[in-house]
Amino acid sequence: MSMSASTRSETQDTLTQELRNAATSSPGFDRDLVAMIGTRIAMRRSLCGLSKLQLAARLGIDIEDVSGYERGEKRMGSKLLLETAKQLKASPRLFFQ
């Protein structure tokens with residue numbers, strides 16, 4: 001079954017609006033999640049015996065960025081989060097538990 005152009009456009013508009021709503025609906029939850037991920041990264045880095053400087057060098061970012069991520073002041077993109085998990089020999093799932 002094929003969708004008409006107007007139905008496809010309406011569906012796309014609805015999905016776009018839902019994404020916008022989700023992105024702005026719960027800033028407290030978002031901040032809490034970012035802080036939790038940062039704390040887990042800091043704990044795992046410490047367990048691996050790495051300094052912030054060593055992790056920053058492995059990720060190709062500044063030590064200030066590592067500090068910001070660990071304090072929950074900066075959001076880490078998915079690609080960087082996956083690379084961080086790889087460098088810390090952990091599953092990305094660890095950061096969300």
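**Ground rules.** I worked from a predicted model, where local features need pLDDT of at least 70, side-chain atom pairs count only at pLDDT 80 or more, and totals for chains, interfaces and linings use all residues. I numbered residues from 1 along each chain as its sequence is written, and side-chain values use heavy atoms, with hydrogens and water left out.

Helices here are DSSP runs (H or I, at least four residues), numbered from the N terminus.

**Leu81.** I checked its contacts (heavy atoms within 4.5 Å). Not counting residues up to four places away in sequence, Leu81 touches Ile37, Ile41, Met76, Phe95 and Phe96.

**Thr84.** I placed Thr84 in helix H5. Thr84 counts as buried because its relative accessibility is 0%; the cut-offs are under 20% relative accessible area for buried, over 50% for exposed, and partly exposed in between (1.4 Å probe, protein chains only). Beyond neighbours within four places in sequence, Thr84 contacts Ile41, Leu59, Met76 and Phe95.

**Met36.** I found Met36 in helix H2. Met36 is at 26% relative accessibility, so it counts as partly exposed. Leaving aside neighbours within four places in sequence, Met36 contacts Phe95, Phe96 and Gln97. Met36 and Gln97 are 61 residues apart along the chain, yet their C-alpha atoms are separated by 8.8 Å.

Technical notes. Helix = DSSP H or I, 4+ residues; strand = E, 2+ residues; numbered from the N terminus.
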